[in-house]
Each structure stands twice: as structure tokens, then as C-alpha cells.
Amino acid sequence: VRLRWRVDELSRDFDGYLVSSVGRSLRADTVVVATGPAMRPRVPDVADQLDPAIHSLHSVDYRNPGQLRNGSVLIVGAGNFGAEIALDLAATHEVILAGRDTGRIPISLGGPTYRATNQLLTTNTRLGRRFAESVHAGKGTPLVRVRPAYLVEAGVERAPRVVGQVDGRPRLEDG
């Protein structure tokens with residue numbers, strides 16, 4: 001396991017891969033890229049237009065409910081990360097989860113279907129590349145561990161997408 005090692009290039013090397021960085025390289029039979037889409041925070045332009053009194057943070061910076069003030073919490077983005085954070089906060093805060101339905105991948109983590117899906121959804125397959133493009137195009141990551149019913153049971157309120165601001169406050173798609 002290599003921690004805190006910046007990878008500059010990943011390329012095919014015969015039947016494996018060559019992982020390269022400044023002054024270092026490593027050959028591997030298998031590479032797992034586990035950075036996730038949150039490693040490069042995508043912050044919508046509207047975030048800069050919100051009232052500075054609104055405490056906001058990106059999912060990459062979220063650790064626990066103690067980081068937030070008392071009161072209701074609006075989570076912008078109903079993909080997998082947003083849904084997981086909504087569940088985490090629902091026990092201590094009123095939670096509103098804003099965003100389109102991103103769908104759900106109906107498989108159990110670690111099972112045979114999950115392992116087969118991991119083989120299909122790689123950058124080596126057309127299906128995997130289309131899936132990645134869909135996620136990066138702002139459509140959101142489908143739910144994996146979280147089921148929509150869990151959100152309902154926890155009391156998480158759903159709302160349309162945030163599309164702008166009015167007087168420094170978020171404005172939803174439905175006005």
C-alpha cells in the first residue's frame with residue numbers, strides 16, 4: 001500500500017499497469033483507483049453568491065455532524081455522497097436533500113454481482129467510460145449503499161435542484 005503518493009501517469013504495461021510519478025514508478029497487475037469524484041471538489045458558481053453568514057462546506061471536508069451549527073441543513077447534490085451525509089445528519093439535524101434522483105445501483109457491496117460490475121465499469125470498457133462521463137457531467141453518482149427508503153425512514157426531506165440564489169439564499173428549481 002502506498003499512501004500520499006501522487007500519481008502522474010497510469011499506463012498499460014504488457015498484461016499489467018505502470019504507475020509513474022516524479023522519480024518513482026511501480027508495476028502492478030491490478031490498479032484500484034479509489035479517489036472518487038469528491039477528491040476534486042466541484043463547487044457550483046452559486047456558492048460564491050450565497051450570504052457569507054451561511055456556513056457551507058464540500059463533502060470532501062465533511063467529517064461528522066459536530067461540524068455544523070444547530071438547525072436545518074440543506075445538502076446540495078443527491079448523489080451517493082449527499083445521501084450518505086444526509087443519513088448521517090438526520091439523527092441530529094433537520095435535513096433537506098436537494099437534487100435530482102440519481103438512480104440506484106441495486107447490488108450489495110462485495111458480492112459476486114458487485115465484483116462483476118466492477119469489471120464492467122472500468123475505463124477499459126465503453127459502458128464504464130459512459131458511466132464516468134455521466135457522473136462527471138453533473139448527473140450525480142447513483143446511490144449504492146443508501147436506499148431511497150432509508151432517507152424517508154430517517155426523515156430526510158427531498159427538494160428540487162438548487163439553480164441559483166435570491167438575496168444570498170439558495171433558490172430551488174421550482175422557485
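Residues 24 or more positions apart account for 45% of the contacts (heavy atoms within 4.5 Å) in the protein chain with a separation of 6 or more. This is a predicted model, in which local features need pLDDT of at least 70, side-chain atom pairs count only at pLDDT 80 or more, and totals for chains, interfaces and linings use all residues. Residues are numbered from 1 along each chain as its sequence is written, and side-chain values use heavy atoms, leaving out hydrogens and water.

**The chain as a whole**

- The protein chain has four helices and eight strands; these are DSSP runs numbered from the N terminus, helices being H or I with at least four residues and strands E with at least two.
- From the N terminus on, the order of elements is β-β-β-β-α-β-α-α-α-β-β-β.
- Of the 175 residues in the protein chain, 28% count as buried (under 20% relative accessible area, with exposed over 50% and partly exposed in between; 1.4 Å probe, protein chains only).

**Helix α1**

- The buried residues of α1 are Asn80, Gly82, Ala83, Ile85, Ala86, Leu89 and Ala90.
- Their cover includes β4, β5 (95-98) and α4 (148-154).

**Gly77**

- Gly77 lies in the loop between β4 (73-76) and α1 (80-90).
- Gly77 counts as partly exposed because its relative accessibility is 31%.
- Leaving aside residues up to four places away in sequence, Gly77 touches Gly82, Leu97 and Ala98.
- Gly77 and Ser59 are 18 residues apart in sequence, and their C-alpha atoms are 9.8 Å apart in space.
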